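User: I'm new to this one and would like a quick walk through it. Can you put it up?

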Amino acid sequence: MLKVFNYILFRAILPYEVKLGKNVNLWHRGLCLVIHPNITIGDNVNIAHGVTIAGSGKGMSVIGDRVTIASGAQIIPRKGEPYTIGSGAIIGAGSVVVGDVAPGRTVRGQRANS
């Protein structure tokens, strides 16, 4: 019932199976957020709207502490394997991340030019 309410109100899919750390901040109330059930999210993580965090049926993927994921980012497993987003990493807006990100690293997609 909670999943349905969350989806109707915010268009968000945040399954109860997701393991959330302390002080996880869903910017814009988690609008259009999609998170796979096999995800562990650390402490003090910021996640913007329109983010997709895919998972793997082969095990838990981990998002470390103090990670920021900007709007429109997509995080997906490489070859269906679980991944780790290291503590302190920053995922830029509109990025498509496939697999692991090292701790403290900033990743971003290509900038559009006019």
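Analyst: A term to start with: helices (H or I, at least four residues) and strands (E, at least two) are DSSP runs, numbered from the N terminus. Residues are numbered from 1 along each chain as its sequence is written. This is a predicted model, where local features need pLDDT of at least 70, side-chain atom pairs count only at pLDDT 80 or more, and totals for chains, interfaces and linings use all residues.

User: Where is Asn-23 found?

Analyst: Asn-23 lies in the loop between S1 and strand S2 (25–26). Its phi is positive, about 55°, although Asn-23 is not a glycine.

User: What about Asn-44, where is that?

Analyst: Asn-44 sits in the loop between strand S4 (39–41) and strand S5 (46–47). Asn-44 also has a positive phi of about 55° without being a glycine, and its relative accessibility of 38% makes it partly exposed.

User: New topic: what order do the strands of the open sheet have?

Analyst: The 4 strands are ordered S1-S4-S7-S10, with parallel pairing. Strands S1 (19–20) and S10 (84–85) are at the edges with a single partner strand each, so one side of each has no neighbour in the sheet. Two strands pair if DSSP finds at least two bridges between them.

User: How many bridges join S7 to S10?

Analyst: 2 bridges join strand S7 (residues 61–63) to S10. Ile-63 has Ile-85 in S10 as its bridge partner.

Terms used:
Heavy atoms only, no water. Buried < 20%, exposed > 50% of the residue type's maximum accessible area, 1.4 Å probe, protein only.
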